[in-house]
Amino acid sequence: MKCRVGVIYGEEALLYSFPEFHPFRSDRVERFYREVMPTFLKHYPDQVIAVKPELASESEVLLYHDPDYVDFVKKKSQDGYGYLDYGDTPAFKGCYEASLHVVGSTLKLVRMIMRKEIDHGFNPVGGLHHARRDRAGGFCIFNDASIAIKYLLEVAKLKQVLYVDIDAHHGDGVFYDFYFEKNVIIADIHQDGRTLYPGTGFSHERGGGEAEGTKLNIPLMPGAGDEEFMEAWNKIEEFIDNFSPEFIILQAGADGLAGDPLTGLMYTEKAHEHAVTRLHKVSEEECDGRLLVLGGGGYNRENVLKAWRKVLSNLLNPPV
Ligand SMILES: [Zn+2]
């Protein structure tokens with residue numbers, strides 16, 4: 001059987017774009033739509049399903065975010081100037097609606113996967129892993145990954161969700177806001193926090209209270225390449241073996257590839273190929289193929305295309 005993959009595809013996904021000269025702008029996704037999607041749609045017409053972006057409702061955002069913070073974003077979105085955090089995440093006109101589209105699109109894929117309308121999903125503009133319950137951070141306004149996790153546990157009533165994050169930056173929003181939550185299993189490979197934003201993600205952090213042992217951080221030093229990534233990945237697989245997730249989310253940031261202007265890691269797109277192939281297999285074995293991939297970061301435009309091509313082609317073909 002071949003896998004059906006829902007990919008968020010539509011101009012509303014381009015609304016999440018910071019002002020000029022900011023590294024996180026919609027040309028990343030626009031180029032994916034122009035240079036990658038048409039080929040896949042042509043060659044896999046029965047397998048690639050273009051899914052229109054959708055707005056999240058405010059109550060969905062409130063599954064995770066604090067009401068005061070949501071109001072703050074609304075206001076800054078009308079003003080259209082200033083910063084949402086201490087200087088990485090500028091407000092822009094309509095940033096509230098743009099963020100609702102990111103969240104709504106991720107949730108739409110979650111629902112389609114749960115209803116078996118698609119096997120797997122990919123939201124290229126999703127994976128805004130630095131946003132916290134009460135604040136923006138690192139180009140992230142609303143944390144679609146965290147909201148999806150809350151939705152899966154509280155609305156879909158799943159017992160356990162696995163979140164894996166290979167973005168070069170530590171996924172601090174997801175990691176710390178679920179640190180004491182034993183139903184959220186987290187594994188995160190990233191560049192060492194002493195050398196990169198957000199400065200977190202150390203290996204002694206394993207989850208708190210009854211959640212101890214449900215979290216795994218693997219920091220790598222700048223210069224680490226595919227070899228170090230594969231070694232780290234093997235540890236992730238050993239760790240995952242202890243659990244029985246009912247849904248898997250992968251934040252597949254492409255900023256760990258050599259040549260990224262913001263980070264010092266040196267992977268090739270083989271890292272993405274490996275991560276997606278292996279998690280694809282785990283998802284088929286553990287949870288009926290429920291696997292959602294979020295695009296995350298990546299600021300070298302060519303690298304983003306290379307990594308996302310690998311993501312898509314490895315979601316389409318069942319692992320052997
Ligand atoms: Zn990143």
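Which residues touch the most other members of the largest nonpolar core? They are Tyr163, Ile249, Leu250 and Val293, in a core of 95 residues. A nonpolar core here is a set of buried Ala, Val, Leu, Ile, Met, Phe, Trp, Tyr and Cys residues joined through C-beta atoms within 7 Å; buried means that 20 or more other C-beta atoms, placed from the backbone, lie within 10 Å of a residue's own. Helix H5 (residues 95-114) gives the most to this core, with 10 residues.

Before we go on, a word on the model: it is predicted, so local features need pLDDT of at least 70, side-chain atom pairs count only at pLDDT 80 or more, and totals for chains, interfaces and linings use all residues. Residues are numbered from 1 along each chain as its sequence is written.

Let's turn to strand E1 (residues 5-8), where Val5 and Val7 point one way, Gly6 and Ile8 point the other way, and all are buried. Helices (H or I, at least four residues) and strands (E, at least two) are DSSP runs, numbered from the N terminus. E1 pairs in the parallel sense with strand E2 (residues 48-51) over four bridges, pairing being at least two DSSP bridges between strands. Three bridges also join E1 to strand E3 (residues 120-123), again in parallel. Follow Val7: its bridge partner in E2 is Ala50, and in E3 it stands opposite Phe122.

Finally, look at helices H8 (residues 226-240) and H9 (residues 270-287), whose axes, lines fitted to C-alpha atoms over the stretch in contact, come within 10 Å and cross at roughly 15°. Therefore H8 is roughly parallel to H9, a label for angles under 35 degrees.

Conventions. A residue is buried if 20 or more other C-beta atoms lie within 10 Å of its own, exposed if 12 or fewer, and partly exposed in between; C-beta atoms are placed from the backbone. Axes are lines fitted to C-alpha atoms, for helices over the stretch in contact, and angles run from 0 to 180 degrees between N-to-C directions. Angles under 35 degrees count as roughly parallel, over 145 as roughly antiparallel, 65 to 115 as roughly perpendicular and the rest as oblique.
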